[in-house]
Amino acid sequence: MSAHIVRRGVRGTVRPTLTGRPAELVAKVVLSPEGALPGAACTDVDPDLFFPADDDEFSERRARQICAGCPVREMCLALAMKRREPHGIFGGLDETERQALARRQRRARRAA
């Protein structure tokens, strides 16, 4: 994974270019003691949005949209899977999707 720099081209066009340095070396994300992820897209959003009721399709869709554009989405998902979060949307996945992902990962480890 490489970091991107945006350079202005001819007549103000924008073309992303690769820097050649891995993103891990450019910025390191450090967790707070409470488990908060700095730079997360959900920081200023009502947390109840990520714990929608069973029939609240709008909240679920909105939470997934926020997760889709989050720069720390993979880390959030990994933490939720490590803690075995029983409810809510973390890293764009709900509890049933996280359980299915964990099963696939276990099968892949056994097969390897």
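**Note on the predicted model: confidence, packing and charged contacts**

1. Confidence across the chain. In the chain, confidence is lowest in helix α1 (residues 23–26), with a mean of 46, and highest in α4, with a mean of 94. The score used is pLDDT, the predictor's confidence in each residue on a scale from 0 to 100. Over residues 21–29 the pLDDT is below 50, and beyond near neighbours in sequence this stretch has 10 contacts in the model. A contact here means heavy atoms within 4.5 Å. The chain average is a pLDDT of 78, and 68% of the residues score at least 70. Where pLDDT is low, the predicted coordinates should not be read in detail.

2. Basis of the values. This is a predicted model, in which local features need pLDDT of at least 70 and side-chain atom pairs count only at pLDDT 80 or more, whereas totals for chains, interfaces and linings use all residues. Residues are numbered from 1 along each chain as its sequence is written, and side-chain values use heavy atoms, with hydrogens and water left out. Helices (H or I, at least four residues) and strands (E, at least two) are DSSP runs, numbered from the N terminus.

3. The buried residues of helix α3 (residues 73–83) are Cys76, Leu77, Leu79, Ala80 and Met81; buried stands for under 20% relative accessible area, exposed for over 50%, and partly exposed for values in between (1.4 Å probe, protein chains only). Helix α4 is included in what covers the buried residues of α3. The largest nonpolar core has eight residues, namely Leu37, Ala40, Cys70, Val72, Cys76, Leu79, Ala80 and Phe90. Such a core is a set of buried Ala, Val, Leu, Ile, Met, Phe, Trp, Tyr and Cys residues joined through side-chain atoms within 4.5 Å. Leaving aside neighbours within four places in sequence, Cys76 is in contact with Leu37, Phe90 and Gly91. Just after α3, Arg84 takes a positive phi of about 55 degrees.

4. Ser59. This residue of helix α2 counts as buried, at 12% relative accessibility. Not counting residues up to four places away in sequence, Ser59 touches Leu49 and Pro52.

5. The aromatic pair. How many aromatic pairs does a search of the whole structure find? The search finds one. Phe51 and Phe90 form this edge-to-face pair, at 5.9 Å centre to centre and with 80 degrees between the planes. By the rule applied, rings of Phe, Tyr and Trp (its six-membered ring) pair if their centres lie within 6.5 Å; planes under 30 degrees apart count as stacked, over 60 as edge-to-face and the rest as tilted. The pair links distant parts of the chain, 39 residues apart: Phe51 is in the loop between α1 and α2, and Phe90 in the loop between α3 and α4. Phe51 is partly exposed at 44% relative accessibility, whereas Phe90 is buried at 13%.

6. Salt bridges at Arg64. A salt bridge is a side-chain nitrogen of Lys or Arg within 4 Å of a carboxyl oxygen of Asp or Glu; by this rule the count comes to five. Arg64 meets Glu60 in one of them (2.9 Å, N to O). Both residues lie in helix α2 (residues 57–68), four residues apart, about one turn of the helix. Arg64 also meets Glu97 in a salt bridge (2.9 Å, N to O). Glu97 lies in helix α4 (residues 95–111) and Arg64 in helix α2, so this pair ties together parts that are 33 residues apart in sequence.

7. The side chains of Glu85 and Arg83 form a salt bridge (3.0 Å, N to O). Glu85 is partly exposed at 24% relative accessibility, as is Arg83 at 42%. Salt bridges that share partners join Glu60, Arg64, Asp94 and Glu97 into one network.

8. Asp94. This residue is placed in the loop between α3 and α4 and is buried, with a relative accessible area of 16%. A polar contact of 3.3 Å joins the side chains of Asp94 and Arg64; the term denotes a pair of N or O atoms within 3.5 Å, where within protein one must be able to donate a hydrogen and the other to accept it, and residues adjacent in sequence count only if both atoms are side-chain atoms. Asp94 touches Glu60, Arg64, Gly88 and Ile89, not counting residues up to four places away in sequence.
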